[in-house]
Amino acid sequence: MFSPIDLIGLFSKSYTIDQTREDFDEFEEIYTLTSCIIPSERESRVIFSSLPKSDSATVRITFEGAEALIFTIDTDFAKFESDMDVAIRGNQGKEIRFKTNIKKKIVDKCIWIYSLKEFENYLNGFKVLDLLDFMSKTIDANGGIVVQSGDIITESWSSSIGFVGTIWDGQNKFSLDQAGRQLRLKSLQSSTHAVSLSEKKLVPDDFLFNAQLFKGLTAIFNKLNLSMIIMAIFDQTTIEGDLLNFKLNGYKGISGSVDLKKINYEECLEEYGKIYRWISQSSNFNDKLGLARNIISLHLNPSNDLSFSGSMYNSILSAYKVYEKQNIKQYIEIRNKLSDQLIDYNKRANAIVEGFASTFQKSALSVLTLFSSIVAIKLLGSSSPSNNFVIYGSIFSFIILFISLAYMIIARYDTFSQRDRYKSSYLNFKERYTDLLNEGDIQRILNNDKEFNEDIQFIRKKIRNYTYLWIIVLVLIFIVVIYYLINETMTEINAVMFNYPNI
């Protein structure tokens, strides 16, 4: 695999390294040569071609008092060879300066680092706030960063940064996927007033690695990790250069500041790290965060520099067990209340159906009573009712039937309105409990709305059945009235024809 030493090795075996510098954009190394040779074109092309495809290298050779000779993969080798030959012959014994410059790009999240030591020096040149800002922009722009280097032996991954060696399968192994990382970021930003956190798209997990890093890099990323953890847990934080200011509202109000260059990272990161992972890697994020803030405020030392006494983590776990026991009692009470209200909704569904059935019964009874009266009048009256009685009795019957039909339509509309209100009330009833229980738990208690759906089906079925019965009653009475009207009319006609045969 390519190494910057391969480039200098093409031109000299006798050299000293004067300066090395590397950042995310370029690698630069300057040498002093005591002798110089002209490499073969084939050997030069092989070395330059072994460079990662994302990067490009330029070599500058400067003989004392002469203009620099430049060589790249695209250089006309014949001309370069001729110029080098002239320069070497004319500068025997003089100082030769050799400069390697490699321009780098991030491609598919991957960037090559040629010297981890110089990369460490580059990162150490940042203030904490500036480095957080730089990492936030770089990670956000590329969806994560994978650092590849020949100096890396063991792969190491966080939620958005990876360190891999020259032999890498190309698979990202971030500890959080993008959706999980964004969800965690959203939870942290909504639960804290950290100015630095709200401005940057970072989570503490971005700097928590699953394997040991290069020694100097470990110290750098520990500093960033602890800074992010404090911003995530404490109520308010700001960073000014390397100074972290914080405020915690727990059982006790705590405020202070700490120089991030002087903090005891080994002790603080272990304790605060366990607390953060306990808060973030399970449900009840806000409840756990509030509990942690209360307990931390009791353990912080009076110096207000993030140092603490005792085991904050163990105290938090103990307090959470007590909290869970209290919540279980409350949870059972809520479940029972939900069950009771579910029974009430079942009663409401029955009341809706009973109301419609009662309306039908009253209407049917009224119609039947009316016709019973008409029949009684006919039977107790004269054997041959007058023509006026038949006509007016029939008209009155039709009016009563029409009124009953209209009453049925209005009753159906009113019942369907009650059903819709019943549905809306049930949905609002479920929504009121979302602040106390998660949606999945509510669904389990309500048996995935099974009883509610059965009640709706029951209402629909009963309304349909009573409607059919109502219509059948009206149709039968209508047929009887028509039959009666036709029969009496025909009887009247026959009587007239019998009495007046000449008509």
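Thr-218 is found in helix H8 (residues 215-233), where helices (H or I, at least four residues) and strands (E, at least two) are DSSP runs, numbered from the N terminus. Thr-218 counts as buried because its relative accessibility is 16%, with buried meaning under 20% relative accessible area, exposed over 50% and partly exposed in between (1.4 Å probe, protein chains only). The model is predicted, so that local features need pLDDT of at least 70 and side-chain atom pairs count only at pLDDT 80 or more, whereas totals for chains, interfaces and linings use all residues. Residues are numbered from 1 along each chain as its sequence is written, and side-chain values use heavy atoms, with hydrogens and water left out.

**Surroundings of Thr-218**

- Leaving aside residues up to four places away in sequence, Thr-218 touches Gln-212 and Leu-213, contact being defined as heavy atoms within 4.5 Å.

**Helix H2**

- Ser-44, Ile-47 and Phe-48 are the buried residues of helix H2 (residues 41-49).
- These residues lie on the same side of H2 because they cover an arc of only 95° around the axis, the arc being that of the directions from the helix axis to the C-beta atoms.
- An α-helix has 3.6 residues a turn, so residues three or four places apart point the same way.
- Arg-42 and Ser-49, on the other side of H2, are exposed.
- The cover over the buried residues of H2 includes helix H1 (4-11) and helix H3 (77-90), together with strand E3 (56-63) and strand E4 (69-71).

**The three-stranded sheet**

- Antiparallel pairing joins an open sheet of 3 strands in the order E10-E11-E12, two strands being paired if DSSP finds at least two bridges between them.
- Strand E10 (236-240) and strand E12 (253-259) are the edge strands, each of which pairs on one side only.
- Strand E11 (residues 243-249) pairs with E12 in the antiparallel sense over 7 bridges, and Leu-243 has Asp-259 in E12 as its bridge partner.

**The cavity**

- A search of the whole structure finds 1 cavity of 30 Å³ or more, a cavity being a set of points, on a 1 Å grid over the protein atoms alone, where a 1.4 Å probe fits but cannot get out.
- The largest cavity holds about 50 Å³ of space, a volume being the space filled by probe spheres set on the points, which are joined across faces, edges and corners.
- Its lining residues, which have an atom within 4 Å of a point, include Phe-24, Met-135, Ile-145, Ile-161 and Phe-221.
- Helix H4 (116-124), strand E7 (145-148) and strand E9 (161-164) are the elements that give two or more residues to the lining of the largest cavity.

Terms used
On a 1 Å grid over the protein atoms alone, a cavity is a set of points where a 1.4 Å probe fits but cannot get out, and a pocket is an open set with protein on both sides within 12 Å along at least five of seven lines; lining residues have an atom within 4 Å of a point.
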